[in-house]
Amino acid sequence: MAPPNEEIAVIGSSIAGLAVARVLADFGHPVTVFDRRRDFRDDGFGICLPQTVYINAIGEGLITGQLPVFTLTRRRWLRKDARTRRSVELWDQEVAPSVVALRWSSLRDALASRVPRSVTQNHATARSVDIVGSRVRIEFADCAAQLFDHVVGADGVHSVVRSAQIPVTPRLASYRCWRGTITSYTPPAGIRVHDGITIVFDGGHLVAYPVPGPAGAAVLNWVLYSSRHEEAVDVEDALPSDWAELIDLARAGPFPVRDLELPQNAMERHLLVGDAASITRPHTASGASKALTDAMTLRRLLHGYGDIDSSRRAFADLRIPAGNELVHLGRRLGRSQVESTPAWNTMNAETLQAWAMATVAGADSYLYKEKLIGSGRKLRS
Ligand SMILES: Cc1cc2nc3c(=O)[nH]c(=O)nc-3n(C[C@H](O)[C@H](O)[C@H](O)COP(=O)(O)OP(=O)(O)OC[C@H]3O[C@@H](n4cnc5c(N)ncnc54)[C@H](O)[C@@H]3O)c2cc1C
């Protein structure tokens, strides 16, 4: 068994990079983290984590249990009534097990606070990664090249580490999204402040959920997806009037929606985690969960195998298919919720539940599980 003294570079110090740096350092490896960003300022954006991933991350010491989170237990599916312009509720979905919603920056800060002092953190932009003999040589844009025994690519969607090994590029979806936050969020009538919201319309939907703001009050995070190709969606046309008043698309996009399936390559001395591996469309709300689960899986494998090479190979065997399953789920969700939407005015709680189950099609992802959509749960329309 190799001694735990192999030098490891982690490129990227966001969710995946910090979680994996912590795990590798726990096994006694000298770890150096590089990030091109100096400033991880709070832009207010939120993420959802399934309760199970959140609790496991606390249990493994990756984050503290004191994070400000909201627990979401209901997802309200709404549509606009064409005549009255008001909301019609299609489905008051019970989300069980529940989901925690929090600010992206509070998760990143929590991970950063748990990275041991033994981990060196540098501000540098990786430009290229090559195998040189039995080592990995990393060239940086802003400092001298360095040699390591292994490199972890945690450098996100446009990963330099990934492209050094695999000639794949992210694929654009046929539609785009707009993304924003509402800081003084007072929910429209009939909606509770901690409800998750999905408002469906022809050719897209709006998904929204609250996260605790810096002062604890609810900040509503929203993403609107539309297959229409005009510069801006007409929110008055798409959304019930009380929601159209809240959602301002100016300066909120449009942003491209991407994904990437990762081939099962043997990547010598490389490990890809988080969005540097596969990329799933945001409908699956699983990027941060996947990043944390990557780190927790690596910990189990290092426990089992003891050495990095065997753990790295087993990691690829487990995590590449799991990531690709999320990519396929994201595509199915995009098709059913944006590209080819049903006639919403014919749907009710029962037909919507059946439609959601058919889209998930047995996939076992983080937020989309058949059992989470819930057969036999009380339906209210
Ligand atoms: C609209 C939207 C909604 C989402 N909602 C959710 C949600 O509800 N739940 C959820 O779990 N996920 C969600 N996600 C996904 C989630 O935000 C990401 O998947 C997650 O943050 C990925 O973390 P990461 O560490 O892999 O990558 P990133 O957070 O992208 O971090 C990559 C890091 O690498 C650094 N870097 C990049 N290139 C280099 C380089 N060459 N050299 C040095 N450093 C480099 C960057 O500066 C960055 O800090 C959403 C995403 C979007 C777009």
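**Close-up 1. Strand β10 and its parallel partners.** Strands β10 and β16 (residues 270-272) run parallel and are joined by 3 bridges. Here strands pair if DSSP finds at least two bridges between them, and elements are DSSP runs numbered from the N terminus, helices being H or I of at least four residues and strands E of at least two. The model is predicted: local features need pLDDT of at least 70 and side-chain atom pairs count only at pLDDT 80 or more, whereas totals for chains, interfaces and linings use all residues. Residues are numbered from 1 along each chain as its sequence is written. Opposite V152 stands L271 of β16. Strand β1 (residues 8-11) also pairs with β10, in the parallel sense and over 4 bridges; I8 has H150 of β10 as its bridge partner. Strand β10 (residues 150-153) is covered on both faces, with H150 and V152 buried on one side and V151 and G153 buried on the other. A buried residue has 20 or more other C-beta atoms within 10 Å of its own, an exposed one 12 or fewer, and a partly exposed one a count in between, with C-beta atoms placed from the backbone. In a regular strand, side chains alternate between the two faces of the sheet.

**Close-up 2. The open sheet β7-β8-β9.** Three strands form this open sheet in the order β7-β8-β9, with antiparallel pairing. Because β7 and β9 (146-148) stand at the edges with a single partner strand each, one side of each is left without a neighbour in the sheet. From one strand to the next, the twist averages 25°, where axes are lines fitted to C-alpha atoms (for helices, over the stretch in contact) and angles run from 0 to 180 degrees between N-to-C directions. Strands β7 (residues 126-132) and β8 (residues 135-140) are antiparallel and share 6 bridges. They form a hairpin with 2 residues between them, and G133 in the turn has a positive phi of about 60°. Within β8, I138 stands opposite V129; I138 also stands opposite Q146 in β9. The antiparallel strands β8 and β9 are joined by 3 bridges.

**Close-up 3. The contact between the two domains.** The domain assignment, which is automatic or from a database, gives domain 1 (8-46 + 105-171 + 260-330) and domain 2 (70-104 + 173-257 + 338-365). Their C-alpha centres lie 31 Å apart. Each domain gives 15 residues to the contact, for which C-beta atoms, placed from the backbone, must lie within 7 Å. On the side of domain 1 that touches domain 2, the elements that give two or more residues are α3 (104-113) and α8 (308-339). Helix α3 gives the most to this side, with 4 residues.

Close-up 4. The ligand is surrounded by 33 residues, of which G12, S14, G156, G274 and G287 are the closest; a residue counts as near if its C-beta atom, placed from the backbone, lies within 6 Å. Elements that give two or more residues to the shell are α1 (15-26), β2 (31-35), β3 (46-50), β11 (171-182) and α7 (287-305). Helix α7 supplies the largest share, 4 residues. Because domain 1 and domain 2 both give residues to the shell around the ligand, it lies between them.

**Close-up 5. Residue E236.** Helix α5 (residues 235-238) contains E236. With 13 other C-beta atoms within 10 Å, E236 is partly exposed. E236 and A291 are 55 residues apart in sequence and 37 Å apart in space, C-alpha to C-alpha.

Note on methods. Two residues are in contact if their C-beta atoms, placed from the backbone, lie within 7 Å.
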